[in-house]
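Dear colleague,

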Protein chains: 2
Amino acid sequence: MRSNFITTILASVLIAGVAGTTIVRAADGVKEAEFTDDGQVMIPAEWRQWVFIGAPLTPNALNDGKAPFPEFHNVYIEPTAFTHWKKTGIFANGTQIAKELVLVRKKDKDEMNADGSTAEVSGVGYFQGEFTGLELTVKDTRRFSEEPGGWAYFSFGHTLPYAKTAKAFPAESCNNCHEAAAAEDFVFTQFYPVLSAAKP
Amino acid sequence: MRSNFITTILASVLIAGVAGTTIVRAADGVKEAEFTDDGQVMIPAEWRQWVFIGAPLTPNALNDGKAPFPEFHNVYIEPTAFTHWKKTGIFANGTQIAKELVLVRKKDKDEMNADGSTAEVSGVGYFQGEFTGLELTVKDTRRFSEEPGGWAYFSFGHTLPYAKTAKAFPAESCNNCHEAAAAEDFVFTQFYPVLSAAKP
């Protein structure tokens with residue numbers, strides 16, 4: 001009995017350790033996002049400690065001064081969803097992928113090149129400056145049964161501190177591009193080498 | 001007694017969970033790198049699941065065709081060292097920071113701009129392609145008492161699979177730039193907004 005009792009505690013702690021402080025509800029061990037009663041998603045805790053998968057960069061200077069997503073996109077997958085991806089090569093129901101936008105680091109005008117790059121000791125290029133937005137996509141074919149692939153898209157705004165909750169965008173505002181151009185299940189895996197390398 | 005016993009087990013499990021399968025040796029809970037008997041560092045396990053801190057990009061096309069560090073630099077800090085940083089704003093003895101180099105994703109020549117950028121559905125910019133190198137720096141003022149700040153620098157090479165072990169570079173080959181230009185304790189924190197935001 002005592003040994004069973006301790007085993008149960010250990011298992012619970014290990015699950016809690018993987019999933020953070022939130023209860024794991026999905027049958028396959030994937031931690032799901034939290035939602036308010038009126039269906040808004042809650043901002044994830046500690047998304048910057050999720051598994052980084054890639055950092056596309058669309059500088060404002062190369063996009064007529066106003067990139068659709070300015071400028072670095074730091075993209076992360078929630079760790080339990082990454083574990084599932086590594087095992088199966090599939091984005092499980094419950095998968096959360098966050099995209100934090102980061103402006104290119106500025107210098108004095110006379111040190112900025114026309115393409116937005118600057119010279120640092122490691123070479124000419126682009127370096128991360130200020131955070132400027134947080135977005136999230138959640139795959140849940142039950143909750144979002146109307147959305148293509150079950151993916152819903154959210155933004156916590158473009159000023160810090162970010163909003164604590166977010167409503168889902170209308171499907172067509174995000175998913176059209178994802179459906180047309182994303183390599184796998186509405187996710188741009190072609191830009192995320194960490195995902196490609198981890199796929200079984 | 002029983003409650004103490006269980007508490008001890010729980011604490012051990014939690015520490016093991018944080019540190020992976022390696023024993024935590026540093027007094028302050030920071031997981032140290034592993035070394036061979038002849039002083040080479042062993043390649044870390046799962047560095048892509050460490051805490052991502054920033055992704056400088058120095059495209060070859062903006063660096064006379066040959067950037068010193070081609071091209072994206074995906075930089076990570078080992079999680080227990082990050083926990084220490086969040087508490088103290090200091091890089092603890094034992095801190096490990098990894099830099100994985102990733103080439104810009106190529107397209108057909110007629111779709112590549114002179115600056116190395118390409119157009120994708122999210123805009124014109126740079127997207128991550130193939131992994132091309134792994135480097136590591138370790139702070140250990142006991143093991144590397146001769147090195148400025150106690151930091152030693154290693155490379156696991158530029159072809160995959162990476163080497164399993166690496167010798168330290170001569171101090172001057174890396175640390176001169178770090179000493180001259182890095183914002184805090186030989187680390188380029190000015191390019192790592194995740195570290196700046198987490199600093200107490």
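B:R142 counts as exposed, because its relative accessibility is 55%, above the cut-off of 50%. Please keep in mind throughout that this is a predicted model. The side chain of B:R142 meets that of B:E32 in a salt bridge, with 3.4 Å from N to O. Since B:E32 lies in the loop between α1 (2-19) and β1 (41-42) of chain B, and B:R142 in the loop between β7 and β8 of chain B, the pair ties together parts that are 110 residues apart in sequence. B:E32, for its part, counts as buried, because its relative accessibility is 14%, and the limit for that class is under 20%. In chain A, A:E32, A:D140 and A:R142 are linked in a network of salt bridges.

Over all chains, the count of salt bridges comes to 18. Another of them in chain B joins the side chains of B:E120 and B:K107, at 3.3 Å from N to O. B:E120 lies in strand β5 (residues 118-120) of chain B, while B:K107 lies in the loop between β4 and β5 of chain B, so this pair ties together parts that are 13 residues apart in sequence. B:K107 counts as partly exposed, because its relative accessibility is 25%.

In chain A, the side chains of A:E135 and A:K99 meet in a salt bridge, at 3.3 Å from N to O. Because A:E135 lies in strand β7 (residues 128-139) of chain A and A:K99 in strand β4 of chain A, the pair ties together parts that are 36 residues apart in sequence. A:E135 and A:K99 are both buried.

Turning to the sheet in chain B, five strands form an open sheet in the order β2-β3-β4-β7-β8, with antiparallel pairing. Its edge strands are β2 (51-54) and β8 (151-155) of chain B, each of which pairs on one side only, and the twist averages 30° from one strand to the next. Helix α2 (residues 79-88) of chain B packs on this sheet, where it touches β2, β3 (72-77) and β4 of chain B, and its direction makes about 75° with that of β3(B). Within the sheet, strands β4 (residues 96-104) and β7 (residues 128-139) of chain B run antiparallel and are joined by eight bridges; B:L101, for instance, has B:G133 in β7(B) as its bridge partner.

Strand β3 (residues 72-77) of chain A is largely enclosed by the rest of the structure, because six of its six residues are buried. In a regular strand, side chains alternate between the two faces of the sheet. Both faces of β3(A) are covered, with A:F72, A:N74 and A:Y76 buried on one side and A:H73, A:V75 and A:I77 buried on the other. Strand β2 (residues 51-54) of chain A runs antiparallel to β3(A) and is joined to it by three bridges, with A:I77 in β3(A) as the bridge partner of A:V51. Six bridges join β3(A) to strand β4 (residues 96-104) of chain A, again in antiparallel fashion, and there A:H73 has A:L101 as its partner.

As for chain A overall, there are four helices and nine strands, and 51% of its 200 residues count as buried. Among its contacts between residues at least 6 apart in sequence, 59% join residues at least 24 apart.

With best regards

Key. Residues numbered from 1 in each chain as written. Chains lettered and ligands numbered in written order. Predicted model: local features only at pLDDT ≥ 70, side-chain atom pairs only at ≥ 80, totals over all residues. Heavy atoms only, no water. Pairing = 2+ DSSP bridges. Helix = DSSP H or I, 4+ residues; strand = E, 2+ residues; numbered from the N terminus. Axes fitted to C-alpha atoms, helices over the stretch in contact; angles between N-to-C directions. Contact = heavy atoms within 4.5 Å. Buried < 20%, exposed > 50% of the residue type's maximum accessible area, 1.4 Å probe, protein only. Salt bridge = Lys/Arg side-chain N within 4 Å of Asp/Glu carboxyl O.
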